[in-house]
Amino acid sequence: MRTITSKSTACLILAVLAIFSMSKETPGQPQRQPAATQNRPATPEISYTVSMSKPWTHLLEVQMRVRWNEMPRALELKMPVWTPGSYLVREYARHVQDFDAKNAAGADLQWEKINKNTWQVNTAGAKEIVASYRVYSNELTVRTNELNDEHAFWNNTALLLFPKGQLAAPSTITVNPYSNWKVATGLPPVSGRANTFRAENFDILYDAPFEVSNFKEISFQSHGKPHRIVVDGEGNYDLNRLATDFAKIVDEGYKIFGELPYENYLFIVNLRGRGGLEHLNSTALQVDRFGFKPQSRYESFLGLVAHEHFHLWNVKRIRPDALGPFDYENENYTRLLWVAEGTTSYYDSLIMRRAGFVTDKEFLEAKASAIKQLQERPGRFETSLEEASLDAWIKYYRQDENSINNQISYYDKGEIVSFLLDAEIRSASGGARSLDDVMRHLYNEFYKKNRNYTSQDFQRAAETAAGRSLDEFFANYVRGRAEIDYDAILSGVGLRLEAAEPNKGKAYLGADLTEEGGRVTVRSLPAGTPAYEHGLNAADQIIAIDGHRASIARLDSYIGEKKPGDKIRLTVFRFDRLHDVNVTLGPDPRKSYSFRTVSNPTDLQKRLYRDYMNNEL
Ligand SMILES: [Zn+2]
């Protein structure tokens with residue numbers, strides 16, 4: 001995800017352009033089907049109808065029809081608790097209401113809720129049942145549902161129940177749009193049936209989000225494959241420019257892998273919030289409606305597009321051990337989210353550079369800034385990349401004031417370590433190979449051979465590309481929590497990380513503060529800072545410094561006139577009681593980083609720099 005904030009003026013886009021030609025082919029699908037048990041009863045026929053007769057109530061209406069020769073007496077219908085790509089149990093069942101079950105003749109069937117996400121229907125011998133329910137949908141994120149008088153957007157994981165044990169069953173979904181709204185999804189249409197789509201199994205069904213509205217749209221072709229962009233609402237975007245720029249991003253992905261492994265691809269853009277979620281042949285993107293200008297904000301959005309599109313390879317097809325087929329009722333644990341997300345973040349930045357959207361200088365500045373963030377996190381000594389991946393379910397999506405001290409982000413450190421791994425492979429192989437070769441290897445040897453990869457597989461693939469053992473690299477920086485020796489690795493490609501101490505000798509408090517309505521509040525306290533060591537607490541409201549009313553500006557200027565070793569008295573409200581906290585200020589340890597080239601480069605360094613940066617050293 002990337003941050004895109006709002007500014008600038010609107011530019012009304014009226015054109016509704018080329019209509020997308022839907023392919024009848026199945027979109028890319030997971031290689032492995034959910035495990036079949038022996039003597040499995042004949043597969044049920046499942047069809048859903050999704051209606052939205054009163055969009056202002058935010059209730060999506062679902063009818064689920066199950067026809068099954070082997071219909072059990074007690075049919076358990078289950079709602080997923082999470083959606084792949086967003087590793088948190090979100091309890092979608094909490095939005096389900098008005099559940100009802102009937103047989104094909106319309107007679108009521110008894111049912112009861114037996115746990116948080118399961119409705120058990122007494123089928124009473126019926127071979128066909130119709131369950132109906134409504135789902136409250138009033139939260140627009142890429143992993144939730146929203147229905148209002150402007151549009152509907154939903155994820156099937158947060159809307160459609162599945163029969164227990166039947167994730168391999170195919171299904172169809174028919175949408176009854178409100179008014180004259182149009183329907184967009186990555187699922188293939190059923191020919192001859194309006195707004196009806198099919199899915200081979202639940203991993204396919206649950207992978208495809210829907211946008212239903214009067215969206216604007218444009219299509220483009222890339223390497224013979226149709227790509228469709230739908231944008232819901234008005235904003236300062238230029239639809240033609242989106243198509244031109246998205247096509248450049250798609251092309252860079254194609255160049256890495258040599259093919260686009262889908263029949264068609266859909267970009268859904270909603271103009272609120274921020275973030276994106278990857279799917280097999282589509283992505284849901286959110287950006288502020290005025291987030292397309294100025295250029296720097298637009299580039300940030302394009303970086304998001306590059307990130308989500310690259311995911312169609314890395315995580316949707318090149319799949320970590322536990323990520324597919326999915327268990328929709330429990331956490332799916334993997335130590336590889338640093339590759340799924342961090343390596344994808346590295347690639348979105350590479351693709352942006354290769355496509356010419358950012359310069360080499362901007363690329364390296366962004367890497368230096370990411371390194372600064374990591375180096376200022378005490379949590380880098382507490383949590384390794386593998387540990388952060390495994391604990392995503394309880395930590396990454398549940399950040400608190402102590403996260404800086406006990407966590408790292410597998411996105412941010414994963415991006416840095418992928419950058420370093422690329423440099424390591426390039427120098428170890430004398431420029432013969434790069435991280436691109438690792439990604440291609442995983443794609444060809446795992447995805448195409450129906451296999452998910454493990455941590456060991458990833459390391460082996462990197463070592464094969466490097467032509468030597470990388471065990472120390474992985475032990476220190478992936479499985480371990482060692483301080484990173486950037487120059488030892490990056491000098492191989494002719495780069496040197498220069499650290500400056502712009503505030504050397506100045507006094508330092510070290511609290512992370514926010515100010516709202518004149519109130520200064522402590523947001524977090526990095527371990528080891530004077531503020532942390534002398535007893536300031538997160539959520540303290542700082543009222544005064546040495547008896548003078550506090551604002552962030554005053555704290556900065558007041559402390560700026562002090563020297564390390566000087567004492568200050570902070571008066572704070574803590575749980576509505578006044579406290580004095582005496583702090584001895586320390587020296588400001590913060591560094592700023594920038595990339596330079598090595599002095600006196602060897603011929604090899606010159607060549608590897610040229611290969612990597614596309615520039616002479
Ligand atoms: Zn991602």
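## Contacts along the chain

Among contacts (heavy atoms within 4.5 Å) between residues at least 6 apart in sequence, 70% join residues at least 24 apart. The model is predicted, so local features need pLDDT of at least 70 and side-chain atom pairs count only at pLDDT 80 or more, while totals for chains, interfaces and linings use all residues. Residues are numbered from 1 along each chain as its sequence is written, and side-chain values use heavy atoms, with hydrogens and water left out.

## Overall architecture

The chain holds 15 helices and 29 strands; these are DSSP runs numbered from the N terminus, with helices (H or I) of at least four residues and strands (E) of at least two. The radius of gyration, taken over C-alpha atoms, is 27 Å, close to the 25 Å that the globule rule gives for 617 residues, so the chain is as compact as a globular protein of that length. That rule is 2.2 Å times the number of residues to the power 0.38.

Along its principal axes, the C-alpha trace spans about 85 × 65 × 55 Å. Of the 617 residues, 55% count as buried, a term that means under 20% relative accessible area, with exposed over 50% and partly exposed in between (1.4 Å probe, protein chains only).

## The zinc site

His-307 (NE2), His-311 (NE2) and Glu-341 (OE) coordinate the zinc ion at 1.9 to 2.1 Å. Donors are N, O and S atoms within 2.8 Å of the metal (3.2 Å for Na, K and Ca); water is not among the atoms, so sites may look incomplete. The spacing of the donor residues in sequence is H-x3-H-x29-E. His-307 is buried, with a relative accessible area of 2%, and His-311 is also buried, at 0%.

Glu-308 lies in helix H3 (residues 295–310) and is buried, with a relative accessible area of 1%. Leaving aside neighbours within four places in sequence, Glu-308 is in contact with Tyr-265, Gly-276, Leu-277, Glu-278, Thr-283 and Leu-285.

## The second largest pocket

The second largest pocket has a volume of about 990 Å³. Of the 33 residues that line this pocket, Glu-376, Tyr-508, Asp-588, Pro-589 and Arg-590 are the closest to its centre. On a 1 Å grid over the protein atoms alone, a pocket is an open set of points where a 1.4 Å probe fits, with protein on both sides within 12 Å along at least five of seven lines; lining residues have an atom within 4 Å of a point. Grid points are joined across faces, edges and corners, and the volume is the space filled by probe spheres set on the points.

Helix H14 gives the most to the lining, with five residues. By class, the lining has 16 nonpolar, seven polar and 10 charged residues. Here Ala, Val, Leu, Ile, Met, Phe, Trp, Tyr, Cys and Pro count as nonpolar, Asp, Glu, Lys and Arg as charged, and the others, Gly among them, as polar.

## Two further buried residues

Leu-160 lies in the loop between strand S9 (151–154) and strand S10 (162–163) and is buried, with a relative accessible area of 0%. Leu-160 and Met-64 are 96 residues apart in sequence and 8.1 Å apart in space, C-alpha to C-alpha. Not counting residues up to four places away in sequence, Leu-160 touches residues including Tyr-48, Val-50, Ile-173 and Tyr-206.

Thr-172, in strand S11 (residues 171–176), is buried with a relative accessible area of 19%. With the residues up to four places away in sequence not counted, Thr-172 touches Ile-46, Ser-47, Tyr-48, Val-190, Thr-196, Phe-197 and Arg-198.
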